[in-house]
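Here is a friendly tour of a protein model. Keep the viewer open and follow along.

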Amino acid sequence: MKKQRVYLDKCFWINLRDARANKTNDPAVHALMDGLVKAVKAGRCICPISDVLFLELLKQTDLQSRAATAELIDELSCGVTLIPHQNRVATEIAHLIHANSGHSVHALDTLVWSKLANVLGEQHPVMSAFATQEQLVIQKAFFDHMWSISLLEMINTIGGSWSSESPYPEFAERLNKENALHVHQIKSFAQVYKDEVFGALELAVPIACDVLHNMAENTFGHPIAVTADERTRTSKEVYAFLRAIIVKQPVKKALRTLHLCALFHAAVRWNRTQKITANDLYDFHHAEAALSYCDVFLTDRPMHVLLTQRHLGIEKDFSCKVISSHKEAASWAHHQ
């Protein structure tokens, strides 16, 4: 946690890979590559990835280039990844509830990291033929084994068997149609953000209900049965509660992934002529990960422009430095 956490989007990783392979003559890219390698080796920086970067890596059809990218990620990430997007959302919700109900909690920033083999979540073998204690021993050994696996090993094992299909193009098309239907209702950016964040909070309700249920069982020391009617009533109360508190700045910072997701979608809707693309959805996830848990975000110029729009308030709320110029990024890296 004392290291500078530098998050690179897909384009920066590809450019650095090309610099390593001497496939580019851009001096700024080579300077950035040199600066990051030195900073990582000196223990001053680390370049973690996320689930969305891993999925984009698997979209590369040239297996040799994909392996070269993975090898570079292994070196600069030191084997570190953020936990998957949905797990970060759940962690933020659970942390908010526990921190505000008298529980002692770890700092949120320390709870979202894992090893590269767990980039899409932890997996355990389940074999009912073995007794419970034997299963635990096997699962522990499997966990230890996965902890030491490199991204390159994972990529080589997967090979060309991973489907390159993505739900994002269809999702983007559906969002554009829905945005067009409601464009006449847009009155202010604040109103658009509120619509988006209230929609995002619906995803948080089942998680919050599970957290509260587990807390109740721990308090009373026994399982608590919940009827469907009770679950529905609790869900409505939790949703109303989250809607009431999300306007508070500390809560936005606590539920940062949902907050940023709503902010980015609101920014697209506010620009009435802009249509969202599948690549935008990938870029939004990169930005959510970087701004929430890293110190520096290296991204392209369009995302840089979006993130510095004054009405989004990102520079005020998040300390992550956003850089889109290779030359500026190289200068930053060499001064670490």
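Which residue of strand 2 stands opposite glutamine 4? Cysteine 45 does.

## About the model

This is a predicted model, in which local features need pLDDT of at least 70 and side-chain atom pairs count only at pLDDT 80 or more, while totals for chains, interfaces and linings use all residues. Residues are numbered from 1 along each chain as its sequence is written, and side-chain values use heavy atoms, with hydrogens and water left out.

Helices (H or I, at least four residues) and strands (E, at least two) are DSSP runs numbered from the N terminus.

Strand 1 pairs with strand 2 (residues 45-46) in the parallel sense over 2 bridges. With strand 5 (residues 296-298), strand 1 also pairs in the parallel sense, over 3 bridges; there, valine 6 stands opposite valine 296. Two strands pair if DSSP finds at least two bridges between them.

## Aromatic pairs and charges over rings

The whole structure holds 6 aromatic pairs. Rings of Phe, Tyr and Trp (its six-membered ring) pair if their centres lie within 6.5 Å; planes under 30 degrees apart count as stacked, over 60 as edge-to-face and the rest as tilted. One of the pairs, tyrosine 7 with phenylalanine 297, is edge-to-face, at 5.9 Å centre to centre and 65° between the planes. This pair links strand 1 to strand 5, with its two residues 290 residues apart. Tyrosine 7 is buried at 0% relative accessibility, and phenylalanine 297 is buried with a relative accessible area of 0%. In another pair, phenylalanine 264 and phenylalanine 284 have ring centres 5.5 Å apart and planes at 35°, so the pair is tilted. Phenylalanine 264 lies in helix 12 and phenylalanine 284 in helix 13, so parts 20 residues apart in sequence are tied together.

The charged end of lysine 253 sits over the ring of phenylalanine 318, 5.6 Å from its centre, and that of arginine 272 sits over the ring of tryptophan 270, 5.0 Å from its centre. The test asks for NZ of Lys or CZ of Arg within 6 Å of the ring centre and within 35 degrees of the ring normal.

## The largest pocket

A pocket is an open set of points on a 1 Å grid over the protein atoms alone, where a 1.4 Å probe fits, with protein on both sides within 12 Å along at least five of seven lines; lining residues have an atom within 4 Å of a point. About 640 Å³ of space lies in the largest pocket, a volume being the space filled by probe spheres set on the points, which are joined across faces, edges and corners.

Its lining has 26 residues, and Phe171, Leu175, Glu196, Cys261 and His265 lie nearest the centre of the largest pocket. Helix 9 supplies the largest share of this lining, 7 residues. By class, the lining of the largest pocket has 12 nonpolar, 8 polar and 6 charged residues. Ala, Val, Leu, Ile, Met, Phe, Trp, Tyr, Cys and Pro count as nonpolar, Asp, Glu, Lys and Arg as charged, and the others, Gly among them, as polar.

Technical notes: Buried means under 20% relative accessible area, exposed over 50%, partly exposed in between (1.4 Å probe, protein chains only).
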